[in-house]
Amino acid sequence: MSDIAILEVNGIKYEFPVIVGAENEVSIDIKTLRSVTGGVTTLDPGFKNTSSCESAITFLDGEKGILRYRGYSIEELADKSDFLEVIYLLIFGELPTKEEKSKFHKDIQSKSLVDEDVKKILDGFPKTAHPMGVLSALTSALTAFNPKSVDVKSEQDMYNAICKILGKFPVLVAWAYRKEEGLPLAYGDNSLGYVENFIKMMFELPNEKFVMNPVVLDALDKLLILHADHEQNCSTSTVRVVGSSHAGLFASISAGISALWGPLHGGANQAVIEMLEDIKADGGDYQKYIEKAKDKNDPFRLMGFGHRVYKNFDPRANIIKVAAEEVLNDLGIDDPVLDIARGLAQVALSDEYFKSRNLYPNVDFYSGIIYRALGIPVPMFTAMFALGRLPGWIAQWKEMRSRNEPISRPRQIYIGETLRPFVEESKR
Ligand code: SDX
């Protein structure tokens, strides 16, 4: 492998170093491109061919369907670890010892109360407000109640801010759900595990003793692990870009929540169920929707299908598909939408249009079926994705800030009007 790349512009050749990553990924380092060429840039809408940073957190190989957090395969982590361990792994780089995990959990719990005045902000939202809009607003509002967490100048400041958001965000997610359901807001129980406490905060009723369902706990813990990080996806890149201006962690996470909300990104898990419900209401004729997805004149896309990076199967989708079947069996639920999902996937995967474009089910295709079986309403699906992705956003923000990376400021190619004189109103 040559360690230089040669670029010829206007008959002049320029050399740029070639970087090879830990998994033999190759990238051309063009940090000096504009200065050595007198202003030449590269154009790459959507950054499909651009590495924005060097990162040691998550590796994924779209061709081979590989996903690893800090070197551990997603399959092993989903099978043998738990979400709190994975949070620690992503943020600090190693699986925690029993003592490290216990201290981390206690530090998170010690910062998990949310200022009662935040409820006044929540009160201002209509019950019909989308949870992602509520969460983005309340997460940004946390800055006002935790001013010291804005500009983290030391490792300790960073650690405190991380424990605060890990403690408070599950509360905000549960509150967003309970606001929508008209239920009193709860704080759960610090004698419980991290995910257990979240489930209790979500589902406990004031007039009943709460009983934890182990099937729900196991399924949700696995889903959260599978959503925890995914290298430089749209929302994570947003968190890094906002954080690069030295905006605080809470404000950066709030921006990431807004980016995740989009139906082409995390909002797809809600769009998938809505699409499957439409197909069910339309008599289950998924071939009709396959044809709509293939029709260039029809804006309809098969939600939950395709991926910017995975041009083979999404390993998370494979795990979630099996988990969905297990959860429905364990809970004794017969959800016809799962049958439609299976049939839709089967037909799409054998259709030339999808095969030739390497379009496979992604993480969002089956996850909604589990969320629904767990009693989570559709508008909360993307909020659950955000809860899962929180540790990844934190880990990537911490890595960017710890490396003191420059503020993100891309260039552009201007294609507008060239210089022209002002036109008086009477002459327009
Ligand atoms: C997530 O990046 C991440 O890591 C994201 C994520 C994470 O963990 O953070 O994995 C989570 O966001 C998963 C993706 C969820 N989104 C959806 O399920 C929405 C439906 N899928 C798409 O809209 C699309 O596949 C994207 C946005 C996911 C990827 O789009 P790309 O990479 O920009 O691909 P493209 O739009 O250029 O499509 C290439 C071709 C086009 O056809 P041609 O112009 O070549 O003829 O494939 C077609 C597209 O029209 N195509 C689809 C399709 N997805 C792509 N056609 C029909 N249905 C689809 N879903």
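## Aromatic pairs

In this predicted model, the count of aromatic pairs comes to 14. One of them joins Tyr88 and Phe92, whose ring centres lie 4.9 Å apart with 50° between the planes, an arrangement that is classed as tilted. Tyr88 and Phe92 are four residues apart in helix α3 (residues 83–92), so about one helical turn separates them. Tyr88 has a relative accessibility of 13% and counts as buried, whereas Phe92, with a relative accessible area of 29%, is partly exposed.

Tyr88 also pairs with Phe104: the ring centres are 5.4 Å apart and the planes stand at 80°, so this pair is edge-to-face. Because Tyr88 belongs to helix α3 and Phe104 to helix α4 (residues 98–109), the pair ties together parts that are 16 residues apart in sequence. Phe104 is buried, with a relative accessible area of 2%. Elsewhere in the chain, one aromatic cluster is formed by Phe305, Tyr353, Phe354, Phe365 and Tyr366.

## Overall architecture

The secondary structure of the protein chain comprises 18 helices and six strands. The radius of gyration is 23 Å, close to the 22 Å that the globule rule gives for 428 residues, so the chain is as compact as a globular protein of that length. Taken along the principal axes, the box filled by the C-alpha atoms is roughly 75 × 65 × 55 Å.

Of the 428 residues in the protein chain, 48% are buried. Among contacts in the chain with a separation of 6 or more, 71% are made by residues 24 or more positions apart. The chain exposes about 21300 Å², and carbon and sulfur atoms supply 53% of that area.

## Domains and the nonpolar core

The domain assignment divides the chain into domain 1 (4–51), domain 2 (72–243 + 382–390) and domain 3 (267–374). Taken over C-alpha atoms, the centres of domain 1 and domain 2 are separated by 39 Å.

The largest nonpolar core has 114 residues, and those with the most contacts inside this core are Tyr69, Leu166, Leu276, Leu302 and Ile369. Helix α7 (residues 155–181) contributes the largest share of the core, namely 15 residues. Domain 2 and domain 3 both give residues to this core, so the core lies between them.

Helix α17 (residues 363–373) is mostly covered, since ten of its eleven residues are buried. The buried residues of α17 are Val363, Asp364, Phe365, Tyr366, Ser367, Gly368, Ile369, Ile370, Tyr371 and Ala373. Of these, Phe365 and Tyr366 also take part in the aromatic cluster with Phe305, Tyr353 and Phe354. The cover over the buried residues of α17 includes α9 (214–226), α12 (268–281), α14 (315–330), α15 (336–349) and α18 (381–402).

Ile369, which is buried in α17, is also among the residues with the most contacts inside the largest nonpolar core. Leaving aside residues up to four places away in sequence, Ile369 touches Ile273, Leu276, Ala324, Leu328, Asp335, Val337, Leu338 and Ala341. Leu276, one of these contacts of Ile369, is likewise listed among the residues with the most contacts inside the core.

## Lys179 in helix α7

Lys179 is found in helix α7, the helix that gives the largest share of the core. With a relative accessibility of 17%, Lys179 counts as buried. If residues up to four places away in sequence are left out, Lys179 touches Leu122, Asp123, Phe125, Pro126, Lys127 and Leu185. Phe125 lies 54 residues from Lys179 along the chain, and the C-alpha atoms of the two are separated by 8.8 Å.

## Positive phi angles

Most residues other than glycine have a negative phi. Asn10, although not a glycine, has a positive phi of about 50°. Asn10 sits in the loop between β1 (4–9) and β2 (12–20), and at 75% relative accessibility Asn10 counts as exposed.

Asn24 is likewise not a glycine and has a positive phi of about 60°. The place of Asn24 is in the loop between β2 and β3 (26–28), and with a relative accessibility of 60% Asn24 counts as exposed.

Methods. Residues are numbered from 1 along each chain as its sequence is written. This is a predicted model: local features need pLDDT of at least 70, side-chain atom pairs count only at pLDDT 80 or more; totals for chains, interfaces and linings use all residues. Side-chain values use heavy atoms; hydrogens and water are left out. A nonpolar core is a set of buried Ala, Val, Leu, Ile, Met, Phe, Trp, Tyr and Cys residues joined through side-chain atoms within 4.5 Å. Buried means under 20% relative accessible area, exposed over 50%, partly exposed in between (1.4 Å probe, protein chains only). Helices (H or I, at least four residues) and strands (E, at least two) are DSSP runs, numbered from the N terminus. Domain bounds come from an automatic or database domain assignment. Contact means heavy atoms within 4.5 Å. Rings of Phe, Tyr and Trp (its six-membered ring) pair if their centres lie within 6.5 Å; planes under 30 degrees apart count as stacked, over 60 as edge-to-face and the rest as tilted. The radius of gyration is taken over C-alpha atoms; the globule rule is 2.2 Å times the number of residues to the power 0.38. Accessible areas come from the Shrake-Rupley method with a 1.4 Å probe; for residues, only the protein chains shown count as cover.
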